Amino acid sequence: MYRTIIILLSYVALFSVSATSHPVPSIKVAGLVHNISNTTPRTLIINECDICDKSKRCVAEIDSVGRFEASIPFYFGHTFTVNYNHIFINAYAQPGDSIFISIDASKSPVEFHLAGDHHLINEEYSHACFDLAPIYYEVNLPPDTVPLSVYMPAFKNEIARTQAIVDRYIKEKSLQPETAELLHLDNIFTPANMAIDFKGNGIDEQTAFFTDPLFDIFNERNLKVMIFPYHLSALMNKNPEYVNTVQKSAIRD
């Protein structure tokens, strides 16, 4: 499936080079958990998802003084998530980067700060994701069996509603354009992930939903957010033959 997705996005050449290069491109994620106690979790999960079949989910151990460190394969720049004590810490990295995370386990919810590569963007982005997460719990979509003519307008209304909240947040916090772009992309593909079971009136409507111009699936900038490959996975799971209908000019082999 992922190989088909890679073809769909014209990334065969990129990953062919990456797969044969040595050493494997990677990032280092390290940090320190402050104020650990007997009840403090002693592991955290580093999770990234890209269109390469080498995507990584890593469990990192926290040592006796609160330190942790892990190296995970990373083939191009995109976001990833660190899950600690039910808190999701989001960051952006490129191959070769080192990201440092400081966590205060005594706070509820835990307090965190990011340093290292892209530290200004990541400090903004990680806290923005945390602050904005509740708006996606309130996304209200029709049943996934209604016709596309009903589902898509409702979906786009929710995208517009949440985008307005995101835009206000960006303005109030005076966030950098790079951070704003990540939040805009997340705002499209997070609700899309909630719509992953859309059925409509059959395969044609399913394909029409997942390939709607809103998602711009041939735009490489979407690869910056790890939620985007979930959208592609849903498309290819529902219609693995879709790639055969794509004009050859859209595919670079």
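User: Why is S174 called exposed, rather than buried or partly exposed?

Analyst: In this predicted model, S174 has a relative accessible area of 59%, and exposed means over 50%, so S174 is classed as exposed. S174 lies in the loop between helix 4 and helix 5, and its phi is positive, at about 50°, although S174 is not a glycine.

User: What makes N85 partly exposed?

Analyst: The relative accessible area of N85 is 35%, and since buried means under 20% and exposed over 50%, with partly exposed in between, N85 therefore counts as partly exposed. N85 sits in the loop between strand 5 and strand 6 and has a positive phi of about 50° without being a glycine.

User: Why are helix 4 and helix 5 called roughly antiparallel?

Analyst: Helix 4 (residues 148–173) and helix 5 (residues 177–194) pack with their axes 10 Å apart and at an angle of about 155°; angles over 145 degrees count as roughly antiparallel, and the two helices are therefore roughly antiparallel to each other. Their crossing is right-handed.

User: Why is the pair formed by helix 4 and helix 6 described as roughly parallel?

Analyst: Here helix 4 packs against helix 6 (residues 203–210) at an angle of about 20°, with the axes 11 Å apart; angles under 35 degrees count as roughly parallel, and therefore helix 4 and helix 6 receive that description. The crossing of helix 4 and helix 6 is right-handed. In the contact, L148, Y151, M152 and F155 of helix 4 meet E205, A208 and F209 of helix 6, a set that divides into six nonpolar, no polar and one charged residues.

User: How do you know that strand 7 and strand 8 pair, and in which sense do they run?

Analyst: Pairing requires at least two bridges, and strand 7 (residues 98–104) is joined to strand 8 (residues 111–116) by six bridges, with the strands running antiparallel. The bridge partner of S102 is H113 in strand 8. A hairpin of six residues joins strand 7 to strand 8, and the loop between these strands includes P109, where the peptide bond from S108 to P109 is cis, with omega near 0°.

User: What makes strand 3 and strand 6 edge strands?

Analyst: The open sheet consists of four strands in the order 3-2-5-6, with antiparallel pairing, and strand 3 (57–61) and strand 6 (87–93) are its edge strands because each pairs on one side only. The twist from one strand to the next averages 25°. Strand 2 (residues 43–47) and strand 3 pair in the antiparallel sense over five bridges, against a requirement of at least two, and L44 stands opposite A60 in strand 3. Helix 3 (residues 119–137) packs on the sheet, where it touches strand 5 (78–84) and strand 6, and its direction makes about 145° with that of strand 6.

User: What share of the chain counts as buried?

Analyst: Of its 253 residues, 47% count as buried, that is, they have under 20% relative accessible area. The chain has seven helices and eight strands.

Key. Residues numbered from 1 in each chain as written. Predicted model: local features only at pLDDT ≥ 70, side-chain atom pairs only at ≥ 80, totals over all residues. Heavy atoms only, no water. Axes fitted to C-alpha atoms, helices over the stretch in contact; angles between N-to-C directions. Parallel < 35°, antiparallel > 145°, perpendicular 65-115°, else oblique. Left-handed = near helix turned anticlockwise from the far one by under 90°. Contact = heavy atoms within 4.5 Å. Nonpolar A, V, L, I, M, F, W, Y, C, P; charged D, E, K, R; others polar. Buried < 20%, exposed > 50% of the residue type's maximum accessible area, 1.4 Å probe, protein only.
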